[in-house]
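Try each task before you read its solution.

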Amino acid sequence: MSRRRRRFAAAVRGVTERLRRRVAAARRLRDRPERLVLPALAAASASLLLVVFYYPVATVFVDAVTVDGEVSLAPLVDVVSDPFYVGWLAEPGVPGLGELSGLGRFGFTAWQAALSTAASVALGLPGAWALARFEFRGRRTLRSLTILPFILPSMLVVVGFYAAFGADGTLNTLLGAVGLPTVDLLPSLSAVVVAHAFYNAPLVTRVVTAAYERVDAGAVETARALGASRRRAFLDVVVPQLLPAVLVGATLTFVFTFASFPIILALGGTRLATVEVLLFSAIRQLEYGEAAALAVLETGLSLLLTAAYLRYERQSQTERSAVRPLPRRELVPSAWRERATWTVRRLGSRAAVVGYGLIVICVFVGPLVSVVYESLVIDGRLTTTAYEFLLTRQQTGASFQVKPWPAVRNSVAFGVATLAVALPAGVAVSVATTGEGRWSRLVDLLSVAPFAVSGIVVGLGLLRGLVFGAVVFGYRVTVTGPVAITAAHAVGAYPFVVRNVAPALGELDDRLVESARSLGASRARALVDVELPLIWPGVLAGAAFAFAVSVGEFDATVVLAEGGGTYTMPVAVERYVGRRLGPATAMGTVLLLVTAVSFVVLDRVGGGGVGGFGSGGQRGSTGSGGRGSTGSDERSGDPDGNPGRGDQS
């Protein structure tokens, strides 16, 4: 090749390289906004949480250690040294450890939480056993019902217990019909404990069922082959694998019942007031220093217990491996048509399941059915008087009275606004938590922090930090009540989006995203075009969770809606419960319908296996459907590890 041709070829290559660089620069400039979408969304989510959660909670903590602008531990010291709050701990010489009056309010709060936890575990463990060991029609729906603690409004539980066990409730109606004397169970500690068990037993069932489905059948079979009896194999192999899940379920239940508010407020009365009720009372009396001190002590305990739960969850994720789960048995096998197969053991296990089902109907179904029944039946006759009262109140009620339509409208509006905030924030946090390393674990820890902080504390922080106003660069910035309520709802709802989206993202094959990135797609484009379409059921389930949590939220709303027209359906139910049962049950029925729609959406799109709290939807889990066809295969072996012996359970 001549020198002239070489120069010409070099010039062409130079021009081509310059053109390629310019095209690449233009493409990067064009794609820069797209590449910045996900980081910007993550930054916006972090800023939002900082403003509407961490700053308000920090405001409460600051109030607990300051007096008139000066640093002082006086508010905390006043609480921890007051016998009213800490009982015999403040006066060591005073006996009464075994008396509720000597425990103080903190002691009594822990005592009722312990009783509620014991009742929840006792009611939840048989449900986990039935779901994990038996196959029957309606099992999927029954498993889906274990999400009730997360979507069922606490005020709906309250009105359900009043409708079922109140002086004019369904129980007394049935007792009167058969000539038995009526009973008055409300208010009482027993009612509080049973209501807490109603609310939290499904949580225990959910956590333990997921652990039961991770028990390796091979280990049980090995124990049986080495001569262990059925009972010994269960105690030595199965129980040690279930015990951590039982402890986690009990820990979460204790956290939730220790900070329980509406159930204690409505079913316990002033005599059974807990720390959370006293915290709310201090807020209404404008005793913000005392309220902040109570909030700090309560939140500190909740954070410690929640950290223990997260540690277990991380360990369970790393310890999961491919196992052959214990096979489920048909509740009513076809082989039972032969009389010879009716052994005492088999009949006893099935009778236990049926008996547990009857208890579930009385404790779980009874209060919800009573809400609808009491709204339609008054003095033994079918009537729509309660609903007519609501319509009359809507048309003729004074401005200071609670009307039904504003409550419904506000609940739906807050639910939609919560979706708009919590869904993108939850997706952004989910992407951050699916990585590896300390940063992802830190984001995961921060994402579940709202679980450990009660709604009353969040409401107090928003009230003190944003509604009353904050000084920023010399300017006082305030937010309105509706904005603060939406913020409180979003804080409580977005973790449920994370707990549904993050596990689904973690189960995807990393090569899918890598292929999209190698073809020039940005991380945001890969998320939108590849990942989200594959995990769409989890996103929809998270959205349904967020909406349901917003509709049922009561604690923060009742703090922020005081004196305004921003009350929601749960607040309206609470106002009606204190006056008339009929309107309360009618309003509760409306709330039940909205909750039922959310549940149907979760059941259909989430498949009954939505993530979070031991649902089996985490990374590497077998999930609720991980058994394949072994669930009802009678040939797959004995549930205690005896392969080929038929139905021995």
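**Exercise 1. How many cavities of 30 Å³ or more does a search of the whole structure find, and which residues lie nearest the centre of the largest one?**

Step 1. The search finds four cavities of 30 Å³ or more. A cavity here is a set of points on a 1 Å grid over the protein atoms alone where a 1.4 Å probe fits but cannot get out.

Step 2. The largest cavity holds about 870 Å³ of space, a volume being the space filled by probe spheres set on the grid points.

Step 3. Its lining, meaning residues with an atom within 4 Å of a point, comprises 38 residues. Nearest the centre of the largest cavity are Tyr199, Phe256, Gly455, Glu553 and Asp555.

Step 4. Sorted by class, this lining has 26 nonpolar, 10 polar and two charged residues. Ala, Val, Leu, Ile, Met, Phe, Trp, Tyr, Cys and Pro count as nonpolar, Asp, Glu, Lys and Arg as charged, and the others, Gly among them, as polar.

A note on the source: this is a predicted model, in which local features need pLDDT of at least 70 and side-chain atom pairs count only at pLDDT 80 or more, while totals for chains, interfaces and linings use all residues. Residues are numbered from 1 along each chain as its sequence is written, and side-chain values use heavy atoms, with hydrogens and water left out.

**Exercise 2. Describe how H14 and H21 cross, and list the residues that meet.**

Step 1. Locate helix H14 at residues 275-284 and helix H21 at residues 455-467. Helices are DSSP runs (H or I, at least four residues), numbered from the N terminus.

Step 2. Their axes come within 10 Å and cross at roughly 20°. Axes are lines fitted to C-alpha atoms over the stretch in contact, with angles from 0 to 180 degrees between N-to-C directions.

Step 3. H14 is therefore roughly parallel to H21, a label for angles under 35 degrees.

Step 4. The H14 and H21 crossing is left-handed; that is, the near helix is turned anticlockwise from the far one by less than a right angle, and clockwise would be right-handed.

Step 5. From H14, Glu276, Leu279, Phe280 and Ile283 meet Ile456, Val457, Leu460 and Leu463 of H21, with contact meaning heavy atoms within 4.5 Å. These residues divide into seven nonpolar, no polar and one charged.

**Exercise 3. Characterise the packing of H8 against H10.**

Step 1. The axes of H8 (residues 154-165) and H10 (residues 189-212) come within 11 Å and cross at roughly 130°.

Step 2. H8 and H10 cross in a right-handed sense. Ser154, Val157 and Phe161 of H8 meet Ala191, Val194, Ala195, Phe198 and Tyr199 of H10.

**Exercise 4. Which peptide bond is cis, and where does Pro187 sit?**

Step 1. The bond from Leu186 to Pro187 is cis, with omega near -5°.

Step 2. Pro187 is placed in the loop between helix H9 (170-177) and H10.

Conventions: Helix = DSSP H or I, 4+ residues; strand = E, 2+ residues; numbered from the N terminus. Parallel < 35°, antiparallel > 145°, perpendicular 65-115°, else oblique. 1 Å grid on protein atoms, 1.4 Å probe; cavity = no way out; pocket = protein on both sides within 12 Å on 5 of 7 lines; lining within 4 Å.
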